[in-house]
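Subject: Structure handover

Hello,

Please find the structure below. My notes on it follow.

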Amino acid sequence: MDTVVRGGTVVLESGQVRADVLIRAGKVAGLFDPRKSASFKADLMVDASDSLVMPGGVDVHTHIGIQFGEFKTRDDFGSATRAAAFGGTTSLLEFAFPEPGEDPAEAVERRIAQASGHAVIDFGFHAAIAQHADADALAGIERAAKLGAPTVKVFTAYRGIMMLELGDVMAVMREAAKARSLVMVHAETEAIVERAVGELRQRGIADARHHPLARPAVAEVDAARSVLRLAAETGAAVYLVHVTLPEVAREIAGARASGVRAYGETCPHYLLLDESVYSKPGGERYVCSPPMRPAAAARGLWRELGTSLTGVHSDHCCFDTDQKKVYASDSTRIPPGLPGVETRMPLLISAALGGRLSMPDVVRLCASEPARLFGMPGKGSLLPGMDADLIVVDPRARRRLDGLHMATDYTPFEAMEIRGRIQTVIANGEVLVSDGEWAADKKPAGRYIRRRRLEA
């Protein structure tokens, strides 16, 4: 079946061009001058007149159907990937946290089975090591890489739940370097957080309004510096997730300049929100770790995009208002994380339409660079031969972020007015969304992405 996306402006990471897109057998078969493609006889014609045609988003940081303490996120692979598609994301990566008795590779296999037959877009997984980096866990890094999961997540925070001591982080990095796997790090120094929390409790102010004080900026800066030093020592490639501070971004840039393969991402909520949200009614709904920072930090992060920070990802974690309210008086017990898999691309597209960055920047940050770094050579571009994952955006539309499809009852960006509307979403050549409505009538066809290892 041939599909032609006709009349639009195609956005590549290198720039924009007026072209029609020919899709054949699930791949981009070519970009053509509209005058030459007028004679094409296609099985399906998608009208992209006066619209932007962009690669589908690649979100490498999501949490779907996970248990955190006594709380479980409200979504599953069906609902989360459907919401992602509505938001213009056509590939995502999630985490395989081992259950008791599992090594990282076994956790990856379990999660692949859970997603298969339910995900409507392509998906992959990161391995993870939590609490203890014993011999079986370390050996699982190589086994996970052989399964197509050449990334491993570690935490320097959440003692007793996720945290590894720095010696264990170093051991993970050594094994990851051998396996040519990327080490992803949640970087906050737990001892600093614990001290801050203890002092707030003594003063009786450990509620959500004081959440930024419970996880201070110095905890993130200190952990980032330690992790980057360990990467330099071990030769591992390291990726700092959800960076909230321009100071941390500059640490990444400095490490990279000295020869460390160091990378970082931030999230839309750190770019577009600030710590004032915690003082609003329902401030507990914004609790995430690390927390939002002062407005000056958010402004500084924009200047780091595309240099020290090569990706903007959702860190999607789909709790709802009732779950957030349970421990509103103690921010350390509120389930951390924000729903965002559906809003990431619309927010960045809106920022580009408003002149804050270019549309090719959006492609680089949300599609092409993540696909390249995380070993997905068929994703993130509309050049011939790539997977036919694309979105059609009406740049003239204005709307509020409501009527969303995530399995929760709120968004941290509610009532925010944005520019642009995603009208059509195509994944692997199949139309999932047409004119803003769900159009897929087949069973979920998302495929497991077997990713490549880092270059030696």
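Strand S15 (residues 182-186) and strand S16 (residues 237-240) run parallel and are joined by four bridges. Met184 has Tyr239 of S16 opposite. Helices (H or I, at least four residues) and strands (E, at least two) are DSSP runs numbered from the N terminus. The model is predicted: local features need pLDDT of at least 70 and side-chain atom pairs count only at pLDDT 80 or more, while totals for chains, interfaces and linings use all residues. Residues are numbered from 1 along each chain as its sequence is written, and side-chain values use heavy atoms, with hydrogens and water left out.

Sheet

S15 and S16 belong to an open sheet of eight strands in the order S8-S12-S13-S14-S15-S16-S17-S18, with parallel pairing; two strands pair if DSSP finds at least two bridges between them. The edges are strand S8 (57-59) and strand S18 (311-312), each with a single partner strand, so one side of each has no neighbour in the sheet. Helix H2 packs on the sheet, touching strand S12 (89-96) and strand S13 (122-128), and its direction makes about 140 degrees with that of S12. H3 lies across S12 and S13 and runs at about 155 degrees to S13. Contact means heavy atoms within 4.5 Å. Axes are lines fitted to C-alpha atoms, for helices over the stretch in contact, and angles run from 0 to 180 degrees between N-to-C directions.

Pocket and cavities

The largest pocket contains about 860 Å³ of space. Its lining comprises 35 residues, and Phe97, Pro98, Glu99, Glu102 and Arg110 are the closest to its centre. Strand S10 (67-68), helix H2 (77-86), helix H3 (104-115) and helix H4 (135-146) each give two or more residues to this lining; H3 gives the most, with four. By class, the pocket lining has 15 nonpolar, 10 polar and 10 charged residues (Ala, Val, Leu, Ile, Met, Phe, Trp, Tyr, Cys and Pro count as nonpolar, Asp, Glu, Lys and Arg as charged, and the others, Gly among them, as polar).

There are three cavities of 30 Å³ or more. The largest cavity has a volume of about 190 Å³ and is lined by 17 residues, with His63, Phe155, Tyr158, Asp315 and Pro336 nearest its centre. Nine of the lining residues are nonpolar, six polar and two charged. The second largest cavity, of about 40 Å³, is lined by Ala187, Glu220, Leu240, Val241, His242, Val243, Val248 and Pro290.

On a 1 Å grid over the protein atoms alone, a cavity is a set of points where a 1.4 Å probe fits but cannot get out, and a pocket is an open set with protein on both sides within 12 Å along at least five of seven lines; lining residues have an atom within 4 Å of a point. Grid points are joined across faces, edges and corners, and a volume is the space filled by probe spheres set on the points.

Buried residues

In helix H11 (residues 295-304), Ala297, Ala298, Gly300, Leu301, Trp302 and Glu304 are buried (under 20% relative accessible area, with a 1.4 Å probe and protein chains only). Their cover includes helix H9 (246-257), strand S17 (262-266), helix H10 (268-272) and helix H13 (344-353). Gly306 follows H11 and has a positive phi, near 85 degrees.

Leu401 is in the loop between strand S20 (390-400) and strand S21 (417-427), and counts as buried because its relative accessibility is 2%. Residues that Leu401 touches include Thr343, Leu347, Phe413 and Ile418, not counting residues up to four places away in sequence.

Regards

Conventions
Buried < 20%, exposed > 50% of the residue type's maximum accessible area, 1.4 Å probe, protein only.
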